[in-house]
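Work through the exercises below with the sequence and the model open. Try each task before reading its solution.

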2 protein chains.
Amino acid sequence: MTEREFIARVRELLGEPRGRVLVGPGDDAAVVRADGAVCVTSIDTVVDGVHFELATHSPADVGHKALATALSDIAAMGAEPGEAYVSLALPRGFGEASALELVEAMRALAGRTGTTIAGGDVVSGPALYASVAVTGWAATAEQLVLRSGARAGDLVGVTGELGGSGEGLRRLRAGAVRDDDPHVVRHRRPEPRIDAGRALAAAGATAMIDVSDGVATDARHLAEASGVAIDLDLDRLPLAAGVAPDQAAIDGDDYELLFTAPPDHREAVEQAADVTWLGAVRAGAGVVLRAADGTPVALEGFEHSG
Amino acid sequence: MTEREFIARVRELLGEPRGRVLVGPGDDAAVVRADGAVCVTSIDTVVDGVHFELATHSPADVGHKALATALSDIAAMGAEPGEAYVSLALPRGFGEASALELVEAMRALAGRTGTTIAGGDVVSGPALYASVAVTGWAATAEQLVLRSGARAGDLVGVTGELGGSGEGLRRLRAGAVRDDDPHVVRHRRPEPRIDAGRALAAAGATAMIDVSDGVATDARHLAEASGVAIDLDLDRLPLAAGVAPDQAAIDGDDYELLFTAPPDHREAVEQAADVTWLGAVRAGAGVVLRAADGTPVALEGFEHSG
């Protein structure tokens, strides 16, 4: 297959552009109708040996993960997914069949989340790299949830379960795992919480971030951006099966949403998404992890100070 | 310098977001006010050993080139530059000083072209890799120039000179060049033809593409997208000093603009930009390069058939 044939095959796979995409792949740039007042954009890159290993991830896993991690940022803004622009660097010998498998997994996730793959670029490189720039659209900037909106008195919540992806990674590294192990699936195929993000935004979340670095570290990002302190109760962390609380606090790549909301929005938030309340925001700086009796807990790999 | 300090330094370098950027780097995604009816977006990637070599390019050259090649696609649409989203993969030992030099060169080109660097991502990787997604905005889709608008009877023109970048690359590979050799500068620091692109669009260009693969090959891209044939007169190619016509037809990376326009827009086009007329569009398919007497010329490295 020549490069031209490969690109033609990718375009065929992606199908005709739809919705707000007026001109899709094939011109100098894609053309999109701006049908929201604001556009949010994030770019993310995954690299073999750094963010995944081809030894334990199929090309489809990589395609899914590259788009999922980018879309997770759109979810954390509370925005509606828009378009994805994908740049792949393929190492010698990767093969067109693998590249098409990667693109097909991306297309499947895009279809399921209402995202259109509107443009891209394929080059060669020393290792597999996938960069994804993804947009989201909103009618007004006020509908979006930034990291900086947490206020003293707000509650802190998180969607889903924590620690599953990290446990899956440990199992993959230990070898001899089953492909249907839910923690392994969780690690290979993270799910961007698009619907939860939009619902939490509508329910009055004041600040939001996706849990990529670990809930303790991501809470610190929220605390710093908002100029507040956050207390997290270790015993309340929603644990994936078999994961200890201190591990779940530090493990990353779960791509759940960590958010804050005023107490009087508590019911609206609980109706919007499957959430667990973890703690509260107070005046100050930094993140403190607390045991059930309220005493601060020191965790290896996490510094309390902001 | 820790990664956090490095990112803080980059943000300081980039300054406060301006214009349509409501939220710049630091949140889950950038937020941009959609103040055009349509948004054009392109993503481009450059990799060490493939698109440049660190042996002959400074980090600043790489930063410039990565943004310039992305912006060149915005120029070829006739759009106004918008925002850039930059993802860097840095190899071990690249060093923060080099990374900041790369970002500073990008910032300088962004400033000069009215582009805002609104977001980004830094990861580690086995080789230096820079992926840039760039947007452009236009009031209406009709203001943009696609590859598909060339019609039989249109004239074919190109901005600037051709072959300089390829000659610069040959000199770099031969070693012992002066840094101020204009062909070497041209290769290391290509200039996106933003103003020319917008002016040509306003003057009635019907199709446009940037010359990245070589004017003969890029003419074929226009011919294929428009469903027409293109004749190019080899003797009319605007040659960089010391470059032969057959070389200038095939060498890429000049990032000039190749376009078509109806004959009755000839004067308007000539007033809009510094252009050279190269040939004409006719019904049919493919690109034919012709000598001064009209006979087709075969060039090694270029197939005539579409």
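Two strands pair if DSSP finds at least two bridges between them. Keep in mind that this is a predicted model.

**Exercise 1.** Find in which sense strand E3 of chain A and strand E2 of chain B pair, and over how many bridges.

Solution. To locate the pairing by residue, look at A:Cys39, which stands opposite B:Val32 in E2(B).

**Exercise 2.** Describe the contact between chain B and chain A by residues and by buried area.

Solution. Count the residues: chain B gives 54 and chain A gives 55. The size of an interface is often given as the accessible area lost when the parts come together. For chain B and chain A that area is about 3800 Å², with 57% of it on carbon and sulfur atoms.

**Exercise 3.** Which polar and charged links cross the interface, and what makes up the side of chain B?

Solution. Side chains of opposite charge can pair when their charged atoms come close. Between chain B and chain A there are 4 salt bridges. One of them joins B:Asp28 to A:Arg147, with 3.0 Å between the closest N and O atoms. Polar contacts across the interface come to 20 residue pairs. On the side of chain B that touches chain A, strand E3 (residues 38-47) of chain B provides the largest share, 9 residues. By type, the residues of this side are 30 nonpolar, 13 polar and 11 charged.

**Exercise 4.** Decide how compact chain A is for a chain of 306 residues.

Solution. First list the secondary structure of chain A: 9 helices and 12 strands. Its radius of gyration is 20 Å, close to the 19 Å from the globule rule for 306 residues, so chain A is as compact as a globular protein of that length.

How values were computed: Residues are numbered from 1 along each chain as its sequence is written. Chains are lettered from A and ligands numbered from 1 in the order in which they are written. This is a predicted model: local features need pLDDT of at least 70, side-chain atom pairs count only at pLDDT 80 or more; totals for chains, interfaces and linings use all residues. Side-chain values use heavy atoms; hydrogens and water are left out. Contact means heavy atoms within 4.5 Å. Buried area is the accessible area (1.4 Å probe) that two parts lose on being put together, summed over both. A salt bridge is a side-chain nitrogen of Lys or Arg within 4 Å of a carboxyl oxygen of Asp or Glu. A polar contact is a pair of N or O atoms within 3.5 Å; within protein, one must be able to donate a hydrogen and the other to accept it, and residues adjacent in sequence count only if both atoms are side-chain atoms. Helices (H or I, at least four residues) and strands (E, at least two) are DSSP runs, numbered from the N terminus. Ala, Val, Leu, Ile, Met, Phe, Trp, Tyr, Cys and Pro count as nonpolar, Asp, Glu, Lys and Arg as charged, and the others, Gly among them, as polar. The radius of gyration is taken over C-alpha atoms; the globule rule is 2.2 Å times the number of residues to the power 0.38.
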